[in-house]
Amino acid sequence: MYRIISRFYSFFWRTTKVSRSFSSDGEDLIMNKIFHNQRKGYYVDIGAFAPISFNNTFLFYLRGWRGVLIDPRPGFRFWARVIRPRDEVFNIGIDPDLKGNIRNKKLYIYDSYPDNNTMSEERVAKNIEVLDRKHSDELNLSFAGFEYIINNSTILKKNIDIDVLNIDIEGVEYEVIKSIICDIGILPKVICVEQLSMDCKNVLRTNIYKTLSNNGYILLSKTMLSSIYVRKEFMKNNDTPYFDNRLRA
């Protein structure tokens with residue numbers, strides 16, 4: 001049934017001009033404009049959460065893209081494979097300290113707010129302080145470094161250019177970005193990362209912004225939940241009408 005739904009959405013998107021977002025804050029529509037409705041591409045979605053709802057890469061899947069989905073939650077692999085059969089699915093969490101290794105670690109579970117699931121004790125404390133949300137369970141699940149994903153992914157082994165890197169892992173975003181960009185040396189064209197409860201000025205003070213800026217990215221857009229960064233080199237060579245000469249400089 002879900003494959004039929006996926007095909008229906010895909011047909012709907014290819015034959016109409018209706019703008020339908022599957023993201024929480026329209027992040028997919030913003031990125032789709034950046035790529036000027038590009039028909040094929042590759043994404044890596046770390047903390048994918050769900051194959052369709054509140055997902056920043058499903059729109060691209062419908063357009064004909066494919067990529068790697070990563071999420072440690074129980075049951076994620078089954079539904080992701082049913083709904084998005086072109087994608088590679090890793091039912092594990094990402095911990096940069098593990099590099100090419102895999103082992104069990106604790107994941108804090110929020111039954112009523114599953115998008116708050118996190119391995120970060122700091123984020124658990126912040127959820128209580130800011131949102132008055134206490135986790136409902138603790139599970140020992142598989143985690144690995146991003147090097148493990150590269151070594152076990154057919155897509156990433158081809159040394160393809162990653163068009164979109166999406167990261168939403170509740171408190172460990174900076175460590176993962178540093179690992180992928182600085183340590184491994186992968187430079188995706190667009191990076192969408194959750195930077196929650198921040199206005200634009202505060203984003204500019206973060207380690208995420210400073211690291212990406214030092215590696216050739218600009219902050220192009222900010223939603224309530226996410227920041228979207230674009231690599232300057234990509235902007236110079238992209239023919240989308242949404243980049244003017246000032247942005248390309």
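Colleague: Why is F35 called buried?

Modeller: The relative accessible area of F35 is 3%, and buried stands for under 20% (exposed is over 50%, partly exposed in between, with a 1.4 Å probe and protein chains only), so F35 counts as buried. This is a predicted model, in which local features need pLDDT of at least 70 and side-chain atom pairs count only at pLDDT 80 or more, while totals for chains, interfaces and linings use all residues. Residues are numbered from 1 along each chain as its sequence is written, and side-chain values use heavy atoms, with hydrogens and water left out.

Colleague: How many aromatic pairs does a search of the whole structure find?

Modeller: The search finds nine aromatic pairs, where rings of Phe, Tyr and Trp (its six-membered ring) pair if their centres lie within 6.5 Å, and planes under 30 degrees apart are stacked, over 60 edge-to-face and the rest tilted.

Colleague: What makes the pair of F35 and F60 edge-to-face?

Modeller: The ring centres of F35 and F60 are 6.3 Å apart and the planes stand at 80°, which is why the pair is edge-to-face. The pair links distant parts of the chain, 25 residues apart, with F35 in the loop between α2 (27–34) and β1 (42–46) and F60 in helix α3 (residues 58–63); helices (H or I, at least four residues) and strands (E, at least two) are DSSP runs, numbered from the N terminus. F60 has a relative accessible area of 0% and is therefore buried. Ring pairs also join F35, F60, W65 and F234 into a cluster.

Colleague: How do you know that Y61 is buried?

Modeller: Y61 has 5% relative accessibility, so Y61 counts as buried. The charged end of R86 sits over the ring of Y61, 3.9 Å from its centre, and the term asks for NZ of Lys or CZ of Arg within 6 Å of the ring centre and within 35 degrees of the ring normal.

Colleague: Why are α8 and α10 called roughly parallel to each other?

Modeller: The axes of helix α8 (residues 173–184) and helix α10 (residues 207–214) come within 10 Å and cross at roughly 15°, the axes being lines fitted to C-alpha atoms, for helices over the stretch in contact, with angles running from 0 to 180 degrees between N-to-C directions. Angles under 35 degrees count as roughly parallel, over 145 as roughly antiparallel, 65 to 115 as roughly perpendicular and the rest as oblique, and α8 and α10 are therefore roughly parallel.
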